[in-house]
Structure formats: C-alpha cells, structure tokens
2 protein chains.
Amino acid sequence: MAKFSKNSLNGKSYRIPDVLDDSVALEDFISQHPSKKIVVVQGLGFVGAVMALVCANAFTEEYAVIGIDLPNENSYWKIRSINDGVFPLVAEDPNIAHLFEQARSRGNFLATYDEVAYKYADVVIVDINLDVQKSTDANDVLSDFSVDLSSFKSAIKSIGSNCREDALILVETTVPPGTCKKIVQPIIEAEFTKRGLSLRKYKLGHSYERVMPGPDYISSIRNFPRVYSGINDLSADAVELFLHTIIDTSRCNLTRLSNTNATEIAKVLENSYRATNIAFVVEWSRFAEEAGVDLYSIVNAIRDRPTHANLMFPGIGVGGYCLTKDPLLASWARKSLFGAKSGLAMSVNGVLVNDQMPKYAYQFLQRVTYELNTKRVSLLGVSYRGDVGDTRFSPVQKLFELLSAAGVKMTLHDPYVSFWEECEQKIYSDIDAVLKDNPDIVIISAGHSIYKQECTINKILKIKPAVIYDTLGLLTDDQIELLMSKHSVYVLGRGDLDNDN
Amino acid sequence: MAKFSKNSLNGKSYRIPDVLDDSVALEDFISQHPSKKIVVVQGLGFVGAVMALVCANAFTEEYAVIGIDLPNENSYWKIRSINDGVFPLVAEDPNIAHLFEQARSRGNFLATYDEVAYKYADVVIVDINLDVQKSTDANDVLSDFSVDLSSFKSAIKSIGSNCREDALILVETTVPPGTCKKIVQPIIEAEFTKRGLSLRKYKLGHSYERVMPGPDYISSIRNFPRVYSGINDLSADAVELFLHTIIDTSRCNLTRLSNTNATEIAKVLENSYRATNIAFVVEWSRFAEEAGVDLYSIVNAIRDRPTHANLMFPGIGVGGYCLTKDPLLASWARKSLFGAKSGLAMSVNGVLVNDQMPKYAYQFLQRVTYELNTKRVSLLGVSYRGDVGDTRFSPVQKLFELLSAAGVKMTLHDPYVSFWEECEQKIYSDIDAVLKDNPDIVIISAGHSIYKQECTINKILKIKPAVIYDTLGLLTDDQIELLMSKHSVYVLGRGDLDNDN
C-alpha cells in the first residue's frame, strides 16, 4: 500500500517511493561538484537541516552538501521540500531563507533518503535525535526513564556500512556520555572489518551544537563557541580543521577536550546546569508567593553580582528538546555505560521539579477561581520560548491538557505558531480573535514580546472583568496596576502585594 | 570568681570587669564629637568589626563610631583590643590596618560592652551572628536543623530598651526571611511602648552585607552593590541615605526592594544559589572520575558561554559562615515563620551534599592507599578559601577529624593561619617543616596560590615517593606530569588519564 508523508507546515502530501533508490540524483549532484569536498548531514530536523545550510555556506571552503533523512512518514516530506526549494522549517531568522537561497543558486545542497550518499562523504555529521522515554507515577511525577539506542545504533551502522575508510564522522547529537567510544566506535569498526577496510584512517569526533531556534538561529551555529574532541589526535585535528571552515573562529573559541567522554559530558552538564538552576529557583518562587514578595525583582537585584548573573527566573515550566531530557541522558549513562551505582540525583531531580511546573499553574488557577471547569480560558502563547515558534515539549501543553481534562473551553493564541501539532489545535495569530468572546481567564503562557506591548494591555483592558494570570513575570508594575483597575491579576512567583506577611 | 577573655590571635588575656559600667568612657567619647552623627555597630565579628571601620571612614560624612559586643569570654578581648590599638582580626587586606590607623588618629572609633551606647546612636547596625544548629544521622548525613533566635532576640531587645525614638536600626545580619517584620519590629515596638516612646519616628531597615574576608575585605563592603529595604518608606529612605555615605555608589548600584521580606530572601537565595551550584557539580565530579575525564577543563569550556559563566568547580568541600547554613535558615523560615508545609528541599539538599564532600576525599584516600591509618599525612591548607586565613566551618576540619579518628599522623601547613582554633592545632607556615619527614601522603586541601608555585612543586618532588592528592584541581597538567615522575598523583574530579573508559 502506498505510504505518504505530509508536510506539517503546509499540509502538502508526498508519496513515499516504493523503490528506494536515489543513486541517479546523487551521481548527478556529485558530478556537478567534481572538486568540492562532500559533507553529508544525517538528520534534517531542527539542528541537521540548519547545520546543512551552514555547511553549504561555509566561510572558507565550498562544500557540496547532502542532507539525508529516513524515507518515512515523519521525514520524507523534508527531503522533497528541500529539493523543491522550500526549507522545511518556519524560522524567525531571515538568514535561514537567505542561506537557503544562496545554496540553491549555487546548487550545492541536495537532500536524499538514500544511504549510498555516505560513500561520497569526506565528512559525515550526525544530527539525529536521541530521545529519552519518561515514565510518571500516579501523581504524574517522573518515576523512571530509559534510553533506547536502537535507532541511533542503526543510523550509525548505515554510515559504517557505506562511508569511505578515511571519512571524518562528526557526532553532534546530544548522546549519553560514553556513546562515541562505547557505541559508535565499535559499530563503525565492526562494519569496516566486515568490509575489509583499514581501521586506521577514519576519523571519529564529537562536537556538540548549541543551536537555538529563533531570531539568531544561524548565528547560534556560526558565531558561537564550540567544544570538540576526537577518539585520537588524527580525529581531533580533523574536527578542528572542519569547524574552522564553518564557524567564525575569529570571534568564538574552539576548545579541545581530551576525549569524547569529556565533550559528551560537557554538553549534558551544560544543559543540566540550566535545568537544575530553574528547578532551584522554582521552590523559591513558591516561597516568594507565600512571603508576599516579587521574586523577579529579587532575582534582578542578585544578578547585579557577576558571580550570580546566571540565576534564572521561574515561569510556567521548562520546555524544548534539551533541558527536558539531557540530565536524564547523563544519569542513565553514568549507570548504564559506566556501571556506577548512582545516577545524577540532583540533575534528575531538576527535571522532575521542572516537569511539575505547569501543574502548579493549574492548581493555582483552581485555588483562585470558583468552578474552574466552567470557565472559558484564553491561552496567550503555546511555544516554549519567547518570540520563537517552537512547541517541542512546551510546558504549555501540560497546562492545556490539565485544563482540557477539567472541561475548560480554551482559545489559543500565538503569533509564531499556526497549528499546534502536539495538541492538534488551531492557533490564532490575531489576539482579538481570542479575546472577543470575553474569556473568564487570560493566561500569559509564553514570553512573546507582543504580550508586553501597550496595545495588548489595552485589548485586555477592554474585555469584561476576568482573572489575568501572568505565569512568567512578563507584566510591569504599571501594567499590573492598570489591569487591576478592572481585573484580578496574579503573577506566578510574585506574592500578593497587599499580603501583610 | 574573676572571668577572663583571651585574645585568640596573640594569647593575651583580659579580665572581664565585675561591674559592667562603661558610661564614663562613652560620655567622654561623645563629648569629643559634639557635631558628629553617632553610628553604633552591634557585634565585632568578621562583619561588624570591619563594618565599624568602614563607617569610621565613611566617604561623605564623618561619623563617630562605637563598636559594641558582649562582655563574655569570646568577645570581651575584641573590645579591649580595639581600644588598645590592635585590630581584632588578622587580614590580608592592607586597607584594614590603614583604615584602623586613620580612625585612631581621628579618635572617632571606640569599642564598648555597655548597652548605654545605643542611647547616643543615630544609626544602629546589627551585625551579630545568627547560627543554625545542625544534626546528623549515624552516617554523618544532615538529618535535621533548627534555629535558636533567643540571643538574637535579646540583642534586639537591648537596642529597643536603650535607643532613641528616631534612631535608624539597620539589620545586616543574615536572618531567616521574615525576621525584621515578625521578630525585630515587634520587639522594638514592645520596648518603645514600655518606655512610652512614639512608634512613628524610628526607622527599621535591612540591607545585607556581602563581606568577603581576604585581600579585598574593605572593598567587599565599599565597592560592592547593595540591596536594601525598610519597613516603610521613611525607613527605606533613611537606609538609602546612610548607605550613600559609606558605599561608592558611583561604582555600585543600590537596589531598593519593596519590603524587608524581599531583601531577607535575596540574601539567603543568593547564597543558596552558590551552595546548590556547588552541590550540583559535585555529583558530576564523581561521574568525571568514573569516565576518566577532567571536570575542571569541562567546566572551563562551558564557562565560555556567558549564560554558564557561574558554573562552579567541585573541591574538598564548602566552608565559611554563609554557604553552610543560609539555605537552612531560609528553609526553616519558610516553615516556621510563614507556615508553609514544605521547606526548600533543593537548597537544603545542597548543604547536605556539600557537607559530605570531605568524607569523599577521605574515602578516596582509603581506596588508593594501603592501611591508611599507618600513614603520615601532610595537609597543605586548612582555610576554607584560597589565599585567605579563614577557618570558619572549613571543610578541611572534617577531613582532619576523619584522618585523626583513623589514627593518621598529620602535619599541617597554612601560610595564613598560625593556630587552628577549631581543631586546636599548631599550623606551620614553613612548607619545609611539613615535608621534611617525608610524608606518605600530601593533600592539597586549600586553594592557596603558593601550592601552585614552582618552588612548592620542587619541594614535593624532593620527598620520597608518596601519594599526592590535589582536592581542588589546583595543579596544571605539566605539574601533574612532573610529579608523576616520582609520585602517585590523584586529582579530585579528574579521572585517571590512563582509564580507557
């Protein structure tokens, strides 16, 4: 039976070919770039697709770039979309469109599903996902988690069974520490041994990306410091040379660490630091509410000290692909790949605390409203980051689900998201559309700057008296005062100012 | 029976007077400064003694300053010592001696034990200690803690029963959040009511110090941003005016928060952030050892990101007066003063983890040496901070106790400490003295820069083969290699480089 892959951005459907052979297109592409080095980027998601663009627009070398992904329902459309001239991501960064246009005009960027592509590669960059499966208990609290490496392993195997014996394989995926040495290297070497290839010429390195979708998407690759390593000096040198061609090293440091375990730990430690710091401040935000003080002004006062500038704000929750799982990847690796008896309790606890955050917002609404289930709610913002249209693991989803389960009717607004895939919801981009029916509760649930603008405040002032819940401390004192002239206003992490505690 | 108070710095003993009346000296001092405002600093410890100096050398006003402490064994000698012209602290900061000389030559600094001093005060600054009592379980893990406010309350009462009805009372002590409103204000008002004074004229504020003993002791008061508040606008304005006279506000911000709960929370949140971040990195340092990588180079690589610049190093433990107790003060206050069901679990856990750190170093030595109890150990450094002679709650104490209990013979070195009060130990300042008998184990236990110097490394190279344990990642790669030519070298948080994990 024919299978299709649907473009989640515009709904266009592509039939997945029955015979999976893209060799003619590949040979044609290669023949057009006889003197260029070939970079194959494995995975065309939020990192890989953009990394491919950056490689196709390298600073000091002109690469021919092949993006590869799987010919399945989720991914095949991305391959076709790229080759059709439509970049498979909606991005606020205008550089994405610009670099894509540049690559198209040069003709040095092709997408394919055919593993035969690896045989042409001077450099293979691994940018596939590696997920964590979480389980929760009856109270919806993180109780266990596991990592399934099978699809990661098969992706690595597809490289090893096709690539040249002198290729550079550069892993950018966030992996459980130990993966390059204990998983990738053995698979590559087993495949090479089967194929009768030398094990001395290939290069294997790790250098984690710090990609941040949003207005500085491209810059978060090109103009950002990098940490890298290799399984040996040959590999580390090759990674360094390659990174120099795509990163503005006049502005950002390249830091070499002694082995791949070290860079793999660096990545997950980096994200665990953020996740744990958010969890840390969460319990202080509860205390601030009890003590009738404003945690945001406290945090700002403390950040004045350079040693405390990284202190975080609380909020409705932690979202995105990294902070919600990287501490777990690390803890899993410590036990499963290094045989330690204990994982990383504090970092795991950070995820556990953060995963509970949206529930707190829900319970708060239950406390301050009468018969929440009968209320009509407008949710302002479904993305997990301000001014970015990225709903992956958005904490707003949990709040949406809790409100839905309680029978609450909702209208949803987000200027950057038109359809909320994870919740299968239409999202309005016009704020009037979600306010016109006079909601009982308006929740500011994402940090988009439009919600701080005077025009939005004025619109909220025009609706019938309602509960306004700012879950991110976005409103200023003046705006709160203005809104309180008509509405009941609550700010997460900010105690009642009339509270005489 | 006569009581004495011994100067812990030079052993000089002072007899505590039987009749406690210092009114003549006070009247004499006041009459010498008829037109000056009077500042009384309550508590002559690490903060109060130096705060008094800063006030006696204020930038824009000449105050007459009275330091007051209790006429007991621990404190009476400080009063006498100040009046005898010997500052009661050994400090690396030459500005301390300089400001003390200036104050003496102007004659605007007197110390006393007599509470009558408060009646002269325009400003009373509260700089007394407020301790936490910790309990541990059979495994020496923090199991409970409590706060005893009785001596704090009686200190506040002594102010309220003596001070003028228009005085400014400025609390600098780190207190459980809620203390100014729920403890200090009621005591002052009860005393004023007894005395028939108006309750409208006094000013009560809170502004926490960020004093850092060491080479920048004075600067950590004068040139450091300040957060402050008052119980009302009158109070907050008075605090602001006063702070302007002693702090270089052209270089550092004064940040006003809305009430005293907010600044009290800010202080303990600030320190809890540091304590929790150290605890966070501790478990990663264990993982780093297991994975055969160097956590220090990883942390440095990550700190390259401005958003991660506050990431901490691990080490032998967390010491000092603040980080070891402030998270507990906060958690206690949340439950005891605000009636919350939960404390601040993550912050308390940070203290619990940090308190265990020295034991890890001890257990590590047990693993890597044969019959540890028969070994002779040289401990390099007993202070809790590098290049500072401050042994308050030093983590080295725990390591010392564990080694002592095991029967290990130790010699101790520290360039900044001559006698270790807490452990009643003589400390050598000459490193040759602790190395000359060829110890079996040399532990670098404080981050003094002398231990990184070539001359020290050369001295360690001359002793018989030994175990060298760097508990702070102080040694460079080259130094480690050099030392490994003769010794077995271990670095806490740094895995064995030969480890093929």
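Two strands pair if DSSP finds at least two bridges between them. I keep that in mind for the first entry, and I note that this is a predicted model.

**Entry 1: strand S11 of chain B**

I looked up S11(B) and its partners. Strand S11 (residues 226-230) of chain B is joined to strand S12 (residues 254-256) of chain B by 3 bridges, and the two run parallel. Because two bridges are enough for a pair, I count S11(B) and S12(B) as paired, with their 3 bridges. Across from Leu254(B) in S12(B) I find Arg226(B).

On to strand S10 (residues 203-207) of chain B: 3 bridges connect S10 to S11(B), this time antiparallel. There, Gly205(B) sits opposite Gly230(B) of S11(B).

Which residues point which way from S11(B)? I see Arg226(B), Tyr228(B) and Gly230(B) on one side, with Val227(B) and Ser229(B) on the other.

Setting aside residues up to four places away in sequence, Ala236(B) touches Tyr228(B), Ser229(B), Gly230(B) and Arg256(B). Is Ala236(B) buried or exposed? With a relative accessible area of 4%, Ala236(B) falls under the 20% cut-off and is therefore buried. I also checked a spacing: 21 Å separates the C-alpha atoms of Ala236(B) and Val54(B), which are 182 residues apart along the chain.

**Entry 2: the hairpin of S1 and S2 in chain B**

Next I turned to a hairpin. Strand S1 (residues 3-6) of chain B and S2(B) run antiparallel, joined by 4 bridges. Lys6(B) has Ser13(B) as its bridge partner in S2(B). There are 6 residues between the strands, and in this hairpin Gly11(B) has a positive phi near 80°.

Apart from neighbours within four places in sequence, Asp84(B) is in contact with Lys12(B), Tyr14(B) and Arg104(B). I find Asp84(B) in the loop between helix H3 (76-83) and helix H4 (94-106) of chain B. Its relative accessible area is 39%, so Asp84(B) is partly exposed. From Asp84(B) to Glu73(B), 11 residues apart along the chain, the C-alpha separation is 17 Å.

**Entry 3: the largest nonpolar core**

Which residues touch the most other members of the largest nonpolar core? Trp284(A) and Trp284(B) do, in a core of 142 residues. Helix H9 (residues 260-291) of chain A contributes the most to this core, with 12 residues.

I followed Trp284(A) across to chain B. Leaving out neighbours within four places in sequence, its contacts include Leu295(A), Ile265(B), Val268(B), Leu269(B), Ser272(B) and Leu344(B).

Ser272(B) is in helix H9 (residues 260-290) of chain B. Why do I log Ser272(B) as buried? Its relative accessible area is 0%. Beyond residues up to four places away, Ser272(B) touches Phe280(A) and Trp284(A), along with Asp326(B), Pro327(B) and Ser347(B).

I then looked at phi values in a loop of chain B. Most residues other than glycine have a negative phi. Asp387(B) has a positive phi, near 60°, and sits in the loop between strand S13 (376-380) and helix H13 (395-405) of chain B. Phe393(B) lies in the loop between S13 and H13 of chain B too, and has a positive phi of about 55° without being a glycine. Asp387(B) is partly exposed at 22% relative accessibility, and Phe393(B) is partly exposed at 46%.

Technical notes:
Residues are numbered from 1 along each chain as its sequence is written. Chains are lettered from A and ligands numbered from 1 in the order in which they are written. This is a predicted model: local features need pLDDT of at least 70, side-chain atom pairs count only at pLDDT 80 or more; totals for chains, interfaces and linings use all residues. Side-chain values use heavy atoms; hydrogens and water are left out. A nonpolar core is a set of buried Ala, Val, Leu, Ile, Met, Phe, Trp, Tyr and Cys residues joined through side-chain atoms within 4.5 Å. Buried means under 20% relative accessible area, exposed over 50%, partly exposed in between (1.4 Å probe, protein chains only). Contact means heavy atoms within 4.5 Å.
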